[in-house]
There are 2 protein chains.
Amino acid sequence: MASTRRPGTADQPRAGASPERPRPTSRDVARHASVSQATVSLVLGGKWQGRVSPRTAETVRASARALGYRPNLAARSLRLGRTRTALLVVPALTHDYFARVHAGASRVAAEHDFGVVLYPSPEGTGPAVDPFGSARAALDGVIASSMAPEALAALREGGLPLVMLDTDPAGDRAAATVNLDIADGMRQAAGHLLGLGHRRLAHLAADVDTWTFGVRARALTQTVAGTAGAAVRTESSDLSVEAALHAATRALTAEPRPTAVICDDDLLAAGACKAARRLGLRVPEDVSVTGFDDLSLATALEPELTTVRLPAEEVGAAGMRALLDVLAGRAASTPVLAVQLVQRGSTAEPPARS
Amino acid sequence: MASTRRPGTADQPRAGASPERPRPTSRDVARHASVSQATVSLVLGGKWQGRVSPRTAETVRASARALGYRPNLAARSLRLGRTRTALLVVPALTHDYFARVHAGASRVAAEHDFGVVLYPSPEGTGPAVDPFGSARAALDGVIASSMAPEALAALREGGLPLVMLDTDPAGDRAAATVNLDIADGMRQAAGHLLGLGHRRLAHLAADVDTWTFGVRARALTQTVAGTAGAAVRTESSDLSVEAALHAATRALTAEPRPTAVICDDDLLAAGACKAARRLGLRVPEDVSVTGFDDLSLATALEPELTTVRLPAEEVGAAGMRALLDVLAGRAASTPVLAVQLVQRGSTAEPPARS
DNA sequence: GCTGTCACGTTGTACGTATAACCAACGCCG
DNA sequence: CGGCGTTGGTTATACGTACAACGTGACAGC
């Protein structure tokens, strides 16, 4: 009769404050309440209606409270085969947009007693790391935002329900998608500038190969093409203020000088504003600047950025809701969320002499 | 003989793309390789030296690859009694500092095959929600940043090793702490302004009751007290640009007008810059502004903020390293990290007439 | 009195993994 | 040739939970 020792208890005397009292299990609670472990599980699981007397149920709950019982989630996951945990794959939380997406997803998850774990999708490196291994948890599903196409394969590999955010709605189908009407946003921004009288536009484009930025470029080109006499030149930039500063400087020293810079992201717009000011140009009197995303940065600048507000929180929330739908076998809603141009101080009519 | 059915397999036909092939287990791999499950576990666990022939080991690995085997993390956690997962408690990821702390912690965690799950500590609500339940994972330890004292109790309750970040090093002891030399940072910032000749300072203080902001206030007061003729007035503000705008407006319309505004956070400094400009004051010619934290925001502004750089990534990294030390029974390093004033464009000598 | 029928629990698994303990050959030496 | 170490595995648990199936008295109906 082989007897296995309980691992990790006495072998390594985990240094810590408390004497490391072993956590009580449902069996301990059962003993304390003088019932069987099954009864504890029934009561605490809330499925005791008509199977356990209210009196006994209360006793069990009291014992659980007294012992400070917390169910072992690993054991529960193993037994149930699901974990109530989703993986959220985003490029970087230091970008405000994704932090908000995460916040929205977490909020909805919490409302449904779900958890969210993050996987920061590696950027240049490709999916060398295994998302399912590095998320040290068994997962029920995956929500992925702004994925480069090649990184998708690694996510599919897990065979888990996959919800895609900010992706081509007509593309290879995930279990569900949540989209923003990015094209409309860019049309609004470009239309705003054209309406103010701008004809020479510069497009500060993010040098990132995801669907959302492709849409921005195409929508801008189309909108400008629809206005006689209007033209747009594009400068590409990495998605950082520093890089945008250089790209915008190039754009603003071109001849003839554009009267407006339309940016793929508020970060880029911030760079454009810096560039303008360093060139002695006032925003918006000499040059108008528009952003995209409406990050918190947009209102930290002076003047505040005219930008396209993306409902980032709602994107995350809708993504989580869609995943929950899929997991429950319900038809998943796959919304396309509206975006809205927010007019602030960084845009105005072009200078008269222009 | 009671036979239990495998739960969650056929009952609910989880809608999804693939036919939901049941994930292969180590036993499936064993069958495929014509060995026992134990052998599979040994080989894949890497402890087969001298217990399994290289030939067999290779066969097992090949089978695992062929079947696309991935270990069930819930089962592993249950068996091992630990999960290689830490809980990171931070106020809000939308603040760049905490996003960076998370990034640092995640990086170190990944290097040690550890996971990080987030618990966004509720702000006003208090710890009504249970951090251990809402992190849908069994946990090995907790890293908490900038906790309000009353929220700590809920974290201790779990009985897990606790590493505290940005807290009073002399306070109630966690298993380990990681600290920043905040006082020195504030001394550097104040000294910089005093050295430039500023004597009338305004302190834009964050209205948040955590250790770090208390230290900032005290260090500033002390430094100013050490310089003859210098004085500081304090305005409190919520930790947002909008609130700072109002508070800074109050500060800058006081008589006599301060020549410098020293802010507890870059967000507040951004608000101060906005306020100054709206009052027709130039930064830094008419009024100097300093920030704190060196968020990405600091260089997005024009002029760029003179601010105190906090090694946020390193804080998160050191926190995770400390936790790993504690878990391994090693002596935990409890560093106090140095901070550094970064001089940029938002500070200059006070105007001559002053 | 015998049989249903509840009401209230209990017993017995099984989820997938890691590992202690055991065991069969085989070679080797005295 | 018997004993013993070595090599290369196998067998048998146990982790803590959820739930299917199985009692077991009590009480009612006929």
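B:Ser53 is found in the loop that runs between helix H2 (37-45) and helix H3 (54-67) of chain B, where helices (H or I, at least four residues) and strands (E, at least two) are DSSP runs numbered from the N terminus. The model is a predicted one, in which local features need pLDDT of at least 70 and side-chain atom pairs count only at pLDDT 80 or more, whereas totals for chains, interfaces and linings use all residues. Residues are numbered from 1 along each chain as its sequence is written, and chains are lettered from A and ligands numbered from 1 in the order in which they are written.

With 10 C-beta neighbours inside 10 Å, B:Ser53 counts as exposed; a residue is buried if 20 or more other C-beta atoms, placed from the backbone, lie within 10 Å of its own, exposed if 12 or fewer, and partly exposed in between. The C-alpha atom of B:Ser53 is separated by 65 Å from that of B:Asp207, which is 154 residues apart from it along the chain. In H2(B), B:Thr39, B:Val40, B:Val43 and B:Leu44 meet B:Thr56, B:Ala57, B:Val60, B:Arg61 and B:Ala64 of H3(B), two residues being in contact if their C-beta atoms, placed from the backbone, lie within 7 Å. By class, the contact of H2(B) with H3(B) has six nonpolar, two polar and one charged residues, where Ala, Val, Leu, Ile, Met, Phe, Trp, Tyr, Cys and Pro count as nonpolar, Asp, Glu, Lys and Arg as charged, and the others, Gly among them, as polar.

Chain A has 13 helices and twelve strands, and 48% of its 354 residues count as buried. Among contacts in chain A between residues at least 6 apart in sequence, 69% join residues at least 24 apart. Helix H13 of chain A (residues 312-327) has 16 residues that should span 22 Å at 1.5 Å a residue, which agrees with the 23 Å between its end C-alpha atoms; the expected span is 1.5 Å times one less than the number of residues. Since 13 of the 16 residues of H13(A) are buried, this helix is largely enclosed by the rest of the structure. H13(A) is followed by A:Gly329, whose phi is positive, near 80 degrees.

Helix H5 of chain A (residues 96-111) packs against H13(A) at an angle of about 40 degrees, with the axes 6 Å apart, and H5(A) and H13(A) are therefore oblique to each other. Their crossing is right-handed, a crossing being left-handed if the near helix is turned anticlockwise from the far one by less than a right angle, and right-handed if clockwise. Residues that make the contact include A:Tyr97, A:Arg100, A:Val101 and A:Val108 of H5(A), and A:Glu313, A:Val315, A:Met320 and A:Arg321 of H13(A). The residues of this contact of H5(A) with H13(A) divide into ten nonpolar, four polar and five charged.

Several loops carry backbone features of note. The peptide bond from A:Glu255 to A:Pro256 is cis, with omega near -5 degrees, and A:Pro256 lies in the loop between helix H10 (241-252) and strand E8 (260-263) of chain A. In chain B, a cis peptide bond joins B:Val283 and B:Pro284, with omega about 10 degrees; B:Pro284 is found in the loop between helix H11 (266-278) and strand E9 (288-290) of chain B. A:Arg84, although not a glycine, has a positive phi of about 55 degrees, and its place is in the loop between helix H4 (73-80) and strand E1 (85-90) of chain A. With 20 C-beta neighbours inside 10 Å, A:Arg84 counts as buried. A:Asp293, in the loop between strand E9 (288-290) and helix H12 (297-300) of chain A, likewise has a positive phi, near 110 degrees, and counts as buried with 27 C-beta neighbours inside 10 Å.

A:Asn179 is found in strand E5 (residues 176-180) of chain A and counts as buried, with 20 C-beta neighbours inside 10 Å. A:Asn179 and A:Leu337 are 158 residues apart in sequence and 6.0 Å apart in space, C-alpha to C-alpha. Residues up to four places away in sequence not being counted, A:Asn179 touches A:Asp166, A:Pro169, A:Val336 and A:Leu337.

Conventions
Axes fitted to C-alpha atoms, helices over the stretch in contact; angles between N-to-C directions. Parallel < 35°, antiparallel > 145°, perpendicular 65-115°, else oblique.
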